[in-house]
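I opened a new notebook page for this one. Below are my entries, in the order I looked things up.

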Amino acid sequence: MNVVTENVEIEDSGFGIIYDPEKCNRCGLCLEVCPFNVWELPDVGPAVIARSENCTNCTSCAKNCLGDAITVNNMGCGCIWNQAGRQNDKCGETTAETTEEECCTSENTSCCN
Amino acid sequence: MAVAFMAALEKAPESYDQKFDEVLEGRSRKIRERILELVTPGMKVLDLGCGPGQLVIEASMKGAYVIGVDSNAQMISLAKRRAAELKKAPEFIHGDILSIGENVNPEEAITALGKEPETKFDLITSTFLLSELKPVQRDLFMQIVRTMLADDGIIAIAAETLPESSSDRKVFWKNRGQVELDARIRLPSPIESLEEIAVKTGFSVDEFKKYGPEITLLICKESEKKPANGYQNRRKVFSGIKARLRIWYNHLTGSYRSLPITTGLYKVGNPTPESPVIVTANYELTYYTVLRALARDGIEAWVLVCDTNGINVWCAARGIHFDSNDVVQMVRLTELSDVVNHKELILPQLAAAGMNPPGIRKRTGFRVRYGPVRIQDLSEWMKLDKPRPKPRKMATVTFSLKERMDQTVAHIPFLFAAILAKPIAIILGILALANIGIALVFSSVFVSLFPYTLGFLLLFAEFILALAGNALVLGLIFPILPSKGNSFWRRGLGLAGITIPIAILIMFLLTVNWTTLIVWVVVQFMLAISLTMDWSGMTSVSDPKVIRREYPYMIQVLKFGTVFLVVFSIIVIIMGW
């Protein structure tokens, strides 16, 4: 399997687009949903990550890909208070007791309310 | 009050019933006994949110055919073990109650419950579940219950409700606050009137009984005439002076205050069953923006406002506030397929981060299409011969000068109201008290702290000016700030590089002394960094990866800046500079 890993620093944060072009079925939804113009669909062959520097890890492409070819680690919005809450929660350091689900979706870590 | 402990109790199914009864001081047992009085042999009973199955087992022992449903797999397996020895074993199903009756459900058994005519129930019970749901989910729950009830069937619903007397309410809110703090959760708003929920969803109340100040048991049957679906016909005026004032209010306070509107189906113009359905969030400003744009372009449409906790589309979808469930639930609550004769939802493109379109289609029958990023492009998008791929300019987020100025306008009150107001009020309060104290003790205004108070007010005014100035400059030049790797730290340094010389120039013109100059340069640097970092919440380009890495930098700047300011002030005072 040919896994192309874009957007560096995956090792320390678990972020970035993990894309398997072999699974791409050219549905074009990644282009349709990306608000930052990251993806490009050539006339032939699978979609390509054309502008990875624009990516904000919003997970839109991953959630909508019909071929299950894209994975993006979801860490919520980029708002600083949200991220501050997550740091205090030790999110990302998943242990047996605290699953990612629990600590990263707990509502009061969000600034948005 | 105790119901909120359920989250913690649910983690230990074995002791759940006993502990739950303990905190409720035996009241859950009394409620169970009352419900069991309704059970007769041969009756078909459904218990929604059955937990470890006590009620199901006891009803089954009375000779009823019982099904228990719970979303907690551990509870279900425990219930199954407990019921294994019974002669007439009840059935336990693990699944999400709110998805009962959806077109297709991963849990086939539950789907069957809602669809097959022979699985109507004579008695549907649910204890202490309704209060755990969000308000719209409570209505959906009752709607689902109604579809599964046999003709002469009855329902028995027990839930935590807001107490009537103010002293009980005080205790209620206090306990709730403690639970939220301990469990680090935000509880859904409490039920004010269980009767009201039942009546508006088509039930007539047979018995209403309080078990203590905060527990209500309601026994109802289906009302003869089904009331009009309130979700179908929502109205909120979006033009005129009042709407304009509300829009400004939203701009000024929306960034730190939740401003939700009622969810449901709204209209623009006079839509017909053929008209498009536009899906959006229930933030008030979002509502005005969407409906005003549609009205301006002369689009007659249905607008499906989903429950996003009053948060805008992008933030809600990237957080956990706007996903497929919210869309599915609103489609069901509004009974949308009775309103329109097509099967298409137009979702905002920026909601995509929370959506699973094939799932929505499976669960509701509605196909999802993503419209443009900006609602203002919708009319042009609808006229496209070939809507996919969307023209790039419709699919890409912009951050124009006008949009940035809107954010600056929103940012200043946020910083002031959410962060600065309290400490400033405290300092002013202390100074005022000290003034009064001195005036009383010495009966003299000459030794009062009045000059210090004035000095503080002046300093405070200067600070607000500096803050507003930084926010304005930031909004103006945001796109040209250094932003390699989408870094907000670099942008902050860039802003400091521009605003610090401006500050020095102003102070030079005001001929302040050098100690003041140093203090203000440090304050200016702290302001520029923290404002820029905080701007991450004002723009859609912020990336959690970057913000997470750079957040500690900001904390260090604020920490060292504060320490420096304190030490420097002490030195200045001691040395008498």
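Predicted model: local features only at pLDDT ≥ 70, side-chain atom pairs only at ≥ 80, totals over all residues.

Before reading any sheet, I noted what pairing means here: two strands pair if DSSP finds at least two bridges between them.

**Entry: strand β1 of chain B**

I began with the partners of β1(B). Five bridges tie β1(B) to β2(B), and the two run parallel. In that pair, I found B:Leu46 standing opposite B:Ile67 of β2(B). β1(B) also runs parallel to β4(B), with three bridges joining them. There, B:Asp47 has B:Thr125 of β4(B) as its bridge partner.

Then I checked cover. Four of the five residues of β1(B) are buried, so I put the strand down as mostly covered.

**Entry: helix α4 of chain B**

What do β1(B), α4(B) and β2(B) make together? They make a right-handed β-α-β unit.

Next I asked why helix α4 (residues 54–61) of chain B counts as largely enclosed. Six of its eight residues are buried, so the rest of the structure largely encloses it. I listed the buried ones as B:Gln54, B:Leu55, B:Val56, B:Ile57, B:Ala59 and B:Ser60. What do they pack against? I found the helices α2 (13–23), α3 (27–37) and α5 (73–83) of chain B, along with the strands β1 (44–48), β2 (65–70) and β4 (121–127) of chain B. After α4(B) comes B:Gly63, with a positive phi near 95°.

**Entry: helix α11 of chain B**

I moved on to helix α11 (residues 284–296) of chain B, which has 13 residues. From first C-alpha to last it reaches 18 Å, close to the 18 Å expected at 1.5 Å a residue. Its buried residues include B:Glu284, B:Tyr287, B:Tyr288 and B:Leu294. Among the elements that the buried residues of α11(B) pack against, I noted α10 (241–253), β8 (264–268) and α16 (378–382) of chain B. This helix, too, is followed by a glycine with positive phi: B:Gly298, near 65°.

**Entry: one residue, B:Val205**

I picked B:Val205, which sits in strand β6 (residues 203–210) of chain B. With 14 other C-beta atoms within 10 Å, B:Val205 is partly exposed; 20 or more would have made a residue buried. Leaving out residues up to four places away in sequence, B:Val205 touches B:Glu195, B:Ala198, B:Leu218 and B:Cys220. I also looked up B:Ile219, 14 residues along the chain from B:Val205, and their C-alpha atoms are separated by 6.1 Å.

**Entry: domains of chain B**

Chain B divides into domain 1 (2–227), domain 2 (231–395) and domain 3 (402–575). The C-alpha centres of domains 1 and 2 of chain B lie 32 Å apart. How many residues are in contact between those two domains? Ten from domain 1 of chain B are in contact with nine from domain 2 of chain B. The domain 1 side of that contact has four nonpolar, three polar and three charged residues.

**Entry: where chain B meets chain A**

Last, I looked at the other chain. Chain B has 41 residues in contact with 35 residues of chain A. The elements giving two or more residues to the chain B side are α12 (313–318), α17 (392–395), α21 (514–534) and α22 (544–575) of chain B. I noted that α22(B) gives the largest share, five residues. By type, the chain B side holds 19 nonpolar, twelve polar and ten charged residues.

Conventions:
Residues numbered from 1 in each chain as written. Chains lettered and ligands numbered in written order. Buried ≥ 20, exposed ≤ 12 C-beta atoms within 10 Å, placed from the backbone. Contact = placed C-beta atoms within 7 Å. Domains from an automatic or database assignment. Nonpolar A, V, L, I, M, F, W, Y, C, P; charged D, E, K, R; others polar. Expected span 1.5 Å × (residues − 1). Right-handed = clockwise from strand over helix to strand, strands pointing away.
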